[in-house]
Amino acid sequence: MPRPRKIDLLPEAVRKELEQALISRGFSGYEALAEWLQSQGYEIKKSAVHEWGQDFKDRLSAIRMVTQQARAIVEAEPDDDNALSDALIRLTQERAFKVLMEANIDPSKVNFAALTRNIAQLTRASVTAKKHAAEVREKIAAKFAAMESEAKAGGKEKRAGFDLETLKRVREEIYGIVS
């Protein structure tokens, strides 16, 4: 099992400050950051800061790319049936499993209660989103049915200014519902 990197062993507050410094400096100035860490009492060389900084930069880039792709997908194809959330939950579960299996993490140091709690929260969020999407679809379908009945009966047809053809077009064009 490889030894953890010195930066990974830093207190969280120091590591967060290092992360912010890396971002604000545009991932440069590694020598100054190594000197800063040494002034804080940590024996970490420039090469270690540089290696860790590049890994951190790669992780940030990957997160940004995934975020941009998710936004583009949602803009291009709205997630009415919660497929994106389902995919995110599956991806999170797969990544968590992979991290546990490949990262040589000491199982005694893993907070499995927190991990399972987070997975349960993701699952609840997915179920809630699916219920909401189903309720919205039901309300839209009910409203279309009511408007269709009114148009057929001629009750609101003249007041609302719509007929069955207009209603059908709205249903198909805006909501993508083909009847």
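Reply: For helix packing, axes are lines fitted to C-alpha atoms, for helices over the stretch in contact, and angles run from 0 to 180 degrees between N-to-C directions. This is a predicted model, in which local features need pLDDT of at least 70, side-chain atom pairs count only at pLDDT 80 or more, and totals for chains, interfaces and linings use all residues. Residues are numbered from 1 along each chain as its sequence is written, and side-chain values use heavy atoms, with hydrogens and water left out.

Me: How many helices and strands does the protein have?
Reply: Helices (H or I, at least four residues) and strands (E, at least two) are DSSP runs, numbered from the N terminus. Read along the sequence, the pattern is α-α-α-α-α-α-α. The count is therefore seven helices and zero strands.

Me: What percentage of the 179 residues of the protein count as buried?
Reply: A residue is buried under 20% relative accessible area, exposed over 50%, and partly exposed in between, using a 1.4 Å probe and protein chains only. Of the 179 residues, the share that counts as buried is 17%.

Me: At which angle do the axes of helix α5 and helix α7 cross?
Reply: Helix α5 covers residues 112-153 and helix α7 covers residues 164-173. Their axes come within 9 Å of each other, and they cross at roughly 160°.

Me: How are α5 and α7 oriented to each other, roughly parallel or roughly antiparallel?
Reply: Angles under 35 degrees count as roughly parallel, over 145 as roughly antiparallel, 65 to 115 as roughly perpendicular and the rest as oblique. With axes that cross at roughly 160°, α5 and α7 are therefore roughly antiparallel.

Me: Is the crossing of α5 and α7 left-handed or right-handed?
Reply: A crossing is left-handed if the near helix is turned anticlockwise from the far one by less than a right angle, and right-handed if clockwise. Where α5 passes α7, the crossing is left-handed.

Me: Which residues of α5 and α7 make the contact?
Reply: Contact means heavy atoms within 4.5 Å. From α5 come Phe144, Ala145, Met147, Glu148, Ala151 and Lys152. The residues from α7 are Leu164, Leu167, Val170 and Arg171.

Me: Is the crossing of α1 and α2 left-handed or right-handed?
Reply: Helix α1 (residues 12-24) and α2 pack at an angle of about 160°, with their axes 11 Å apart. The two helices are therefore roughly antiparallel to each other, and their crossing is right-handed.

Me: Which residues of α1 and α2 make the contact?
Reply: The residues of this contact divide into eight nonpolar, no polar and one charged. They are Val14, Glu17, Leu18, Ala21 and Leu22 of α1, together with Tyr30, Leu33, Trp36 and Leu37 of α2.

Me: Which residues does lysine 46 contact, leaving aside its neighbours within four places in sequence?
Reply: Lysine 46 is found in helix α3 (residues 46-76) and, at 44% relative accessibility, counts as partly exposed. Its C-alpha is 5.1 Å from that of alanine 34, twelve residues apart in sequence. With neighbours within four places left aside, lysine 46 is in contact with Tyr30, Glu31 and Ala34.

Note on methods: Nonpolar A, V, L, I, M, F, W, Y, C, P; charged D, E, K, R; others polar.
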